[in-house]
Amino acid sequence: MIIAIDGPAASGKGTVARALAAHFRLPHLDTGLLYRAVGAEVLARGLDFSDVPALAGLAAALDVQNLDGEALRTGPVGEAASRVAEIAEVRQALIDLQRDFARQPGGAVLDGRDIGTVIAPEAEVKIFVTASPEARAARRYAELSARGEPVTPQSVLEDILKRDQRDSSRAAAPLLRAVDAELIDNTELDKQASIARALEIVARRTGRG
Ligand SMILES: Nc1ncnc2c1ncn2[C@@H]1O[C@H](COP(=O)(O)OP(=O)(O)OP(=O)(O)O)[C@@H](O)[C@H]1O
Ligand SMILES: Nc1ccn([C@@H]2O[C@H](COP(=O)(O)O)[C@@H](O)[C@H]2O)c(=O)n1
């Protein structure tokens, strides 16, 4: 069973994806980490975001076994990730490993922006997780400020709105709800309620509880 979960920044898609993966004992891939790893390398090496061959080369050489999720989940790396994610050549370099992950025997859970539309359009279950920009910004602000990042509620909201705009309007695999994706708007739902909705969707679509 392939479960594809997409949605905008800080919507809670990773929270839902991890819970479904644990519940159904499936491997999980947070595909945002791939773009974050490329973005972090661009920053670390001082590369220009317009240097397409160099950025595509970084993506092709990514060591996916050793991604440091904690170090990659910062505001500046998220911004860099969304910039490299606009580049078709970077996306192309990351496609096969995501598709191979999705199609492994027994299935998998993947979350990102283009899982239900591009990476695994054949997924049995597709869920689009969203929430209002204000709710997402409040959650992300709590997360980043607890880690000591110098953010304000206003700067996080501006970052979220900018990222929404960039992710939705790019030409290459924009953030889109697949036509057959079920919607969870968790603006008014806590984590447990959001996960419970996702479990109901899987049960309805596949008969698996
Ligand atoms: N329904 C919810 N209610 C309140 N907080 C939530 C909810 N779902 C997730 N969160 C919290 O919001 C933050 C963002 O959640 P999460 O990392 O799952 O989002 P995401 O969409 O995967 O983010 P990203 O786009 O950065 O990958 C986390 O701190 C998480 O604990
Ligand atoms: N399938 C994906 C996943 C992510 N992106 C881009 O990476 C940025 C960071 O992702 P997070 O989920 O960790 O916030 C995101 O803003 C996207 O630009 C993508 O394009 N496709």
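User: Why are H1 and H10 called oblique to each other?

Analyst: In this predicted model, H1 and H10 pack at an angle of about 55°, with their axes 10 Å apart. Axes here are lines fitted to C-alpha atoms, for helices over the stretch in contact, and angles run from 0 to 180 degrees between N-to-C directions. Angles under 35 degrees count as roughly parallel, over 145 as roughly antiparallel, 65 to 115 as roughly perpendicular and the rest as oblique. H1 and H10 are therefore oblique. The contact takes in Thr15, Val16, Ala19, Leu20 and His23 of H1, with Lys191, Ser194, Ile195, Ala198, Leu199 and Val202 of H10; contact means C-beta atoms, placed from the backbone, within 7 Å.

User: How do you know what counts as a helix, and how many helices and strands are there?

Analyst: Helices are DSSP runs of H or I with at least four residues, strands are E runs of at least two, and both are numbered from the N terminus. On that basis the protein has 10 helices and 5 strands.

User: What makes H2 and H5 perpendicular or parallel?

Analyst: Their angle is about 100°, and the axes lie 7 Å apart. H2 and H5 are therefore roughly perpendicular to each other. Gly32, Tyr35 and Arg36 are among the H2 residues in that contact, and Pro76, Val77 and Gly78 are among those from H5.

User: Which residues come nearest to ligand 1, and what puts a residue around it?

Analyst: A residue is near a molecule if its C-beta atom, placed from the backbone, lies within 6 Å of it. There are 16 residues around ligand 1, and Gly12, Lys13, Gly14, Thr15 and Arg139 come nearest. Helices H1, H8 and H10 each give two or more residues to that shell, and H1 gives the most, with 3.

User: And which come nearest to ligand 2?

Analyst: Gly32, Tyr35, Ser82, Ala85 and Gly112, out of 14 residues around ligand 2. Here H2, H5 and H9 are the elements giving two or more residues.

User: Why does the radius of gyration agree with a compact globule?

Analyst: The radius is taken over C-alpha atoms, and the globule rule is 2.2 Å times the number of residues to the power 0.38. With 209 residues, that rule gives a radius near 17 Å; the protein has 16 Å, which agrees.

User: How are things numbered, and what confidence is needed?

Analyst: Residues count from 1 along each chain as its sequence is written, while chains are lettered from A and ligands numbered from 1 in the order in which they are written. Local features need pLDDT of at least 70, side-chain atom pairs count only at pLDDT 80 or more, and totals for chains, interfaces and linings use all residues.

Definitions and conventions:
Contact = placed C-beta atoms within 7 Å.
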